[in-house]
Amino acid sequence: MRHLLSAGDLSAAQAIEVLDVAEQMAATSGRQINKLPALRGRTVVNLFYEDSTRTRLSFEAAAKRLSADVITFSAKGSSVSKGESLKDTALTLAAIGADAVVMRHPASGAAHRLATAGWIDAGVLNAGDGTHEHPTQALLDAMTLRRSLAGTTGDLAGMRVVIVGDVLHSRVARSNVLLLHTLGAHVTLVAPPTLLPVGVSAWPCEVRTDLDAALAGDDGPVDAVMVLRVQLERMEASFFPSAREYTRRYGVDATRLAGLPAHAVLLHPGPMNRGLEISAEAADGPRSRIVEQVANGVSTRMAALYLMLAGSETP
Ligand code: NCD
């Protein structure tokens with residue numbers, strides 16, 4: 001794997017390799033000394049032009065557990081606020097000797113540009129570009145879904161996943177639809193019509209506007225519900241009449257979850273607007289895998305960095 005820019009670039013075999021290596025990484029995290037020497041002497045730069053908590057912390061933890069040297073760069077407080085271009089920042093990282101660059105950027109396509117412009121030789125991992133993609137989030141979600149299928153082979157083929165919320169602004173939704181489709185799962189996106197992107201009908205999934213109808217599972221029981229954050233910071237206008245109205249029609253709460261099969265799980269990529277798209281009771285309830293998602297994020301990002309920088313030998 002040279003770069004990881006889009007979940008859509010991964011074949012089923014490649015995605016399963018990342019997920020299998022992530023399981024091996026997870027098995028090492030319970031050890032007393034959870035550090036692996038795999039990336040000793042390699043430099044991983046976290047380049048964050050947009051705010052992040054989980055993604056930045058887990059990439060940093062992942063690189064450190066693999067013994068890489070980690071430099072975390074946030075655009076605030078750097079020369080970026082003096083107007084420095086992505087090109088000049090990239091040339092600086094190349095001069096420092098970065099082997100991998102993990103980048104989050106508010107512009108869709110930024111990671112692709114960094115990977116292909118010829119400014120830097122490092123592998124590029126897209127940690128979220130605008131409203132476009134967030135491939136490691138989709139991989140950690142797939143790991144979490146696989147783990148919810150206890151007692152089976154962890155094959156996601158045929159699994160039914162409902163993704164509900166602000167699809168319009170969500171890079172998580174697009175990456176998940178692409179990856180889950182590749183892995184053979186069936187995805188239903190649910191959102192108010194104003195929060196669906198143009199062209200969504202061409203995505204490899206079903207699209208609905210009625211959450212209760214989608215959860216009723218007319219064509220098969222729902223195995224997982226993934227709630228997306230309402231991205232208020234990306235909204236200039238109002239996309240729904242009121243927060244209360246949104247919660248009434250699209251909020252996931254214990255009552256809505258009660259009708260699902262006993263094994264069905266609840267995911268949210270974070271950060272959550274508790275009380276808006278998800279109730280506190282649902283977020284902290286027995287179906288919630290939200291904290292596990294974060295732990296799986298470390299294992300998944302270890303796997304991605306490992307496969308990118310150390311090749312495909314067994315860790
Ligand atoms: C998501 C993101 O930044 O795209 N969060 C994350 O990476 N855990 C989703 C969001 O911001 O709502």
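Let's start with Arg54: at 29% relative accessibility, Arg54 counts as partly exposed, a label for anything between buried (under 20% relative accessible area) and exposed (over 50%), with a 1.4 Å probe and protein chains only. The model you're looking at is predicted, so local features need pLDDT of at least 70 and side-chain atom pairs count only at pLDDT 80 or more, while totals for chains, interfaces and linings use all residues. Residues are numbered from 1 along each chain as its sequence is written, and side-chain values use heavy atoms, leaving out hydrogens and water.

**Around Arg54**

Arg54 sits in helix α2; helices here are DSSP runs of H or I with at least four residues, strands are E runs of at least two, and both are numbered from the N terminus. Gln32 is 22 residues from Arg54 in sequence, and their C-alpha atoms are 23 Å apart in space. Leaving aside neighbours within four places in sequence, Arg54 is in contact (heavy atoms within 4.5 Å) with Pro269, Gly270, Pro271, Val294 and Arg301. Pro271 belongs to the loop between β9 (265-267) and α10.

The loop between α2 and β2 (69-74) holds Ser67. Ser67 isn't a glycine, yet its phi is positive, at about 65°. With a relative accessible area of 18%, Ser67 is buried.

**Salt bridges**

There are 14 salt bridges in the structure, each one a side-chain nitrogen of Lys or Arg within 4 Å of a carboxyl oxygen of Asp or Glu. Here are some of them:

| Pair | N to O distance |
|---|---|
| Arg234 and Glu50 | 3.3 Å |
| Arg208 and Glu206 | 3.7 Å |
| Arg229 and Glu233 | 2.9 Å |

A network of salt bridges links Glu50, Arg171 and Arg234.

As for the other pairs, Arg229 is buried at 17% relative accessibility, whereas Glu233 is exposed at 52%. Glu206 is partly exposed, at 24%.

**A buried arginine**

Arg287 is in the loop between α10 (280-283) and α11 (290-309).

Beyond its neighbours within four places in sequence, Arg287 is in contact with several residues, including Pro261, His263 and Val265.

**Two crossing helices**

Two packed helices are described by the angle between their axes and the distance between the axes. The axes of α5 (residues 135-148) and α11 come within 8 Å and cross at roughly 115°; axes are lines fitted to C-alpha atoms over the stretch in contact, and angles run from 0 to 180 degrees between N-to-C directions. Among the residues that meet are Leu139, Met143 and Arg147 in α5, and Asn296, Thr300 and Arg301 in α11.
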